[in-house]
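The following exercises are to be worked with the sequence and the model open side by side. Each task is followed by a solution in steps.

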Amino acid sequence: MTFDVAVLIGRFQPFHQGHLHLVGTALERADRLLILLGSHRCAPDTRNPWSSQEREQMIRAALPDSLQERIEFIPLRDHLYSDNLWLAEVQQKVTSATEEGDRVLLVGHRKDRSSYYLELFPQWEREDVPIRGDIHSTAIREAFFSGQPEEIWAADLPPAVQAQLAAYRKTGRYCWLAEEAAYIRTYRQIWSVAPYPPTFVTTDAVVVQSGHVLVVKRRVRPGQGLIALPGGYLHQDEKVVDGMLRELREETGLKVPKPVLEGSIAGSHVFDAPGRSARARVITHAFLIQLKAGPLPAVRGADDAEKAFWMPLADIYAHEDNFFEDHVQIIQHFISRF
Ligand code: NAD
């Protein structure tokens with residue numbers, strides 16, 4: 001053992017034999033291993049189906065009793081629009097789990113461009129572990145959520161994870177995700193014949209009044225039943241701000257006169273993280289509408305919204321993993337500035 005602590009960052013969706021090999025390597029090199037479970041409490045979708053708690057159970061179940069005490073799990077939120085905030089959180093969490101002077105080793109495999117984050121920790125030594133087999137979580141999830149036989153999705157999983165996933169297939173959450181996966185597959189197929197991969201433009205409204213934000217419950221896929229900002233695709237013949245006001249009215253029935261809404265726009269921002277939507281490349285223009293204090297205007301869900309309601313700002317965090325795509329991060333962006 002050359003190191004006191006090894007750090008392994010990942011989503012482990014699900015935890016497979018390649019990940020197990022990384023854990024084994026880390027524990028050969030260091031006394032303790034900190035597993036940072038990324039994408040903690042993010043919107044549930046076919047890319048991030050399992051919660052941090054479920055992932056910890058998966059990983060612990062795949063390891064022998066003798067190793068359990070040497071491993072600690074640390075959930076880690078994404079900050080899609082700020083690598084610096086994410087880095088600060090990683091640094092802070094590792095610092096509080098280690099002692100001053102500990103020798104720290106970062107373990108990982110540089111699989112593609114998405115592994116760029118492994119280069120962002122010059123303060124630690126790094127071990128780039130070679131890929132184990134041709135094992136990819138994306139392929140496992142695709143086979144699992146498209147209902148393929150167990151021998152296809154389970155081949156590269158530790159036996160305990162196989163058993164956990166087999167049980168998971170009987171849950172309502174699995175059915176919901178399998179339908180989401182089918183919707184996304186069809187959506188992508190429809191657009192696969194376009195001469196270029198399409199980029200879609202949407203708008204979102206962040207209407208805030210007296211410490212509440214106006215949200216909807218989605219009636220349609222993707223994200224059916226999740227909480228979202230009122231918004232949608234921009235029409236060919238409208239300006240971005242008009243598309244935002246149209247969607248706001250259609251989905252929430254907010255009866256505030258248009259000039260008042262326009263006059264209450266306190267900020268706008270483009271949200272363009274390439275992976276923010278599972279459908280395709282979708283860039284959204286979001287607007288903050290800050291209404292004057294007073295009783296909350298009546299709203300009612302319609303069109304793509306099953307329900308519209310005012311949510312106290314404090315409740316956003318309690319419901320974080322029930323929000324669609326990056327909508328919590330969009331709300332956070334505005335409420336931390338205005
Ligand atoms: P992952 O589960 O895909 O991979 C975890 C590790 O296992 C990686 O080092 C990967 O290369 C390695 N691996 C995968 N297959 C392997 C195989 N067959 N053999 C050997 N090694 C293999 O996790 P990930 O997506 O890389 O996790 C990164 C996390 O960090 C995510 O949650 C991401 O959102 C987060 N992140 C966040 C920000 C931000 O919020 N600004 C920035 C960067 C990263």
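Helices of at least four residues and strands of at least two are DSSP runs, numbered from the N terminus. By this numbering, Asp326 lies in the loop between H11 and H12. The model examined here is predicted.

**Exercise 1. Asp326 and its surroundings**

Task: Determine whether Asp326 is buried or exposed, and state which residues Asp326 touches beyond four places away in sequence.

Solution. 
Step 1. A residue counts as buried under 20% relative accessible area. Asp326 has a relative accessibility of 2%, so Asp326 is buried.
Step 2. Leaving out residues up to four places away in sequence, Asp326 touches Leu80, Tyr81, Phe271 and Arg276.
Step 3. With the side chain of Tyr81, the side chain of Asp326 forms a polar contact of 2.6 Å.
Step 4. The loop that holds Asp326, between H11 and H12, also holds Glu325. Helix H11 spans 315-318 and helix H12 spans 327-335. Glu325 is not a glycine, and its phi is positive, near 40°.

**Exercise 2. The two domains**

Task: State which domains the assignment gives and how many residues of domain 1 are in contact with domain 2.

Solution. 
Step 1. The domain assignment divides the chain into domain 1 (3-168) and domain 2 (199-335).
Step 2. Taken over C-alpha atoms, the centres of domain 1 and domain 2 are 33 Å apart.
Step 3. Contact between the two involves 9 residues of domain 1 and 14 residues of domain 2.

**Exercise 3. The ligand site**

Task: Describe which residues come nearest to the ligand and how the shell around the ligand is made up by class.

Solution. 
Step 1. The ligand has 25 residues around it, of which His79, Asp83, His109, Lys111 and Tyr117 come nearest.
Step 2. Sorted by class, the shell around the ligand holds 10 nonpolar, 10 polar and 5 charged residues.
Step 3. Strand S1 (3-10), helix H1 (17-29) and helix H4 (83-97) each contribute at least two residues to the shell. H1 gives the most, with 3 residues.
Step 4. Next, inspect the polar atoms. A polar side-chain atom of Lys111 is 2.6 Å from an oxygen atom of the ligand. For Asp78, a side-chain N or O atom is 2.8 Å from an oxygen atom of the ligand. Ile135 takes part through its backbone, with an N or O atom 3.1 Å from a nitrogen atom of the ligand.
Step 5. The ligand taken alone exposes 860 Å², and the protein buries 93% of that area.

**Exercise 4. Backbone geometry**

Solution. 
Step 1. Phe12 lies in the loop between S1 and H1. The relative accessible area of Phe12 is 3%, so Phe12 is buried.
Step 2. Another cis peptide bond joins Arg221 and Pro222, with omega of about -5°. Pro222 is located in the loop between strand S7 (212-218) and strand S8 (227-228).

How values were computed
Residues numbered from 1 in each chain as written. Predicted model: local features only at pLDDT ≥ 70, side-chain atom pairs only at ≥ 80, totals over all residues. Heavy atoms only, no water. Near = heavy atom within 4 Å. Polar contact = N/O pair within 3.5 Å; in protein donor to acceptor, adjacent residues only side chain to side chain. Areas by Shrake-Rupley, 256 points an atom, 1.4 Å probe, with all protein chains shown as cover. Nonpolar A, V, L, I, M, F, W, Y, C, P; charged D, E, K, R; others polar. Buried < 20%, exposed > 50% of the residue type's maximum accessible area, 1.4 Å probe, protein only. Domains from an automatic or database assignment. Contact = heavy atoms within 4.5 Å.
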